[in-house]
Amino acid sequence: MAKSGKQNKALPIYVLNGPTLNLLGTREPEIYGRTTLAEIGRQVAARAKTHGLGVVFRQSNHEGELVDWIQEARLKGSGVILNAAAYTHTSVAIYDALRSLEKPIIEVHLSNPHAREPFRHRSFVSKVATGVICGLKEQGYLAAVDAMAVLITPDAAASRSKAQS
Ligand code: DQA
């Protein structure tokens, strides 16, 4: 039983990170901040625990591995928080994998891609995301966990499947 007294009955949230996010902390800190991905992972797990939720937190530089993990979340996760990094702007493979997820999807970016180069303004993830959080650095991941905790409640899931039928 989690400290909050809530039971950890839900499947874990998958928090997936794309290419070059392994370098957070030293990579362009003026854009992405100085917090490492490992630290973000710790903060995310702590925040999820306050909701009685577990987290699968992963990073890959490889598109296919991210696709595999999205497919894994289809069976083993309650929802996906995704920072697909550069693949956000290019990957039809990730878009297709997300389309078949049938679970809440929250797209997260540390920076605000809309205030950056034009090639970052297009997102394949946004086309299928339940919601998008960007520009809040690591706080965006924590806001996404709070939002996901609401989205995966049985009531929210029931009204989603009603809306789809
Ligand atoms: C990013 C924004 C992307 O445009 C970029 O390619 C990244 C990181 C972000 O978190 O701000 O690698 O997803």
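Helices (H or I, at least four residues) and strands (E, at least two) are taken as DSSP runs and numbered from the N terminus. The expected span of a helix is 1.5 Å times one less than its number of residues. The model is predicted: local features need pLDDT of at least 70, side-chain atom pairs count only at pLDDT 80 or more, and totals for chains, interfaces and linings use all residues. Residues are numbered from 1 along each chain as its sequence is written.

The 14 residues of H3 (63-76) should span 20 Å at 1.5 Å a residue, and the end C-alpha atoms of H3 are 20 Å apart, which agrees. Burial was assigned from C-beta atoms placed from the backbone: a residue is buried if 20 or more others lie within 10 Å of its own, exposed if 12 or fewer, and partly exposed in between. The buried residues of H3 are Leu66, Trp69, Ile70 and Ala73. They cover an arc of only 105° around the axis (taken from the directions from the helix axis to the C-beta atoms), which puts them on the same side of H3. Contact requires C-beta atoms, placed from the backbone, within 7 Å. The buried residues of H3 pack against E1, E2, E3 and H4. The face turned away from this buried side carries the exposed residues Gly64 and Leu75.

Leu37, Ile40, Val44 and Ala48 are its buried residues. Seen down the axis of H2, they fall within an arc of 70°, so they line one face of the helix. They pack against E1, E2 and H5. Gly52, with a positive phi near 75°, follows H2.

In soluble globular proteins, nonpolar side chains tend to be buried together. A nonpolar core is defined here as a set of buried Ala, Val, Leu, Ile, Met, Phe, Trp, Tyr and Cys residues joined through C-beta atoms within 7 Å. The largest such core has 41 residues, and those with the most contacts inside it are Ile13, Val15, Ile81, Ile94 and Met148. Elements that each supply at least two of its residues include strand E1 (13-17), strand E3 (79-83), helix H4 (92-99) and helix H5 (139-151). H5 gives the most, with six residues. Not counting residues up to four places away in sequence, Ile81 touches Ile13, Val15, Ile106, Val108, Tyr141, Ala144 and Met148.

Glu107 lies in strand E4. Glu107 is buried, with 25 other C-beta atoms within 10 Å. Leaving aside neighbours within four places in sequence, Glu107 is in contact with Leu82, Ser123, Val125, Ser126, Ala129 and Val132. The C-alpha atoms of Glu107 and Leu16 are 91 residues apart along the chain and separated by 9.9 Å.

The ligand is surrounded by Thr20, Asn83, Ala85, Ala86, Thr88, His109, Leu110, Ser111, Pro113 and Arg120, each with its C-beta atom, placed from the backbone, within 6 Å. One of these residues, Ala85, lies in the loop between E3 and H4. Its phi is near 50°, a positive value in a residue other than glycine. Ala85 counts as partly exposed, with 19 C-beta neighbours inside 10 Å.

Lys137, in the loop between E5 and H5, likewise has a positive phi near 50°. Lys137 is partly exposed, with 17 other C-beta atoms within 10 Å.

Conventions:
Two residues are in contact if their C-beta atoms, placed from the backbone, lie within 7 Å.
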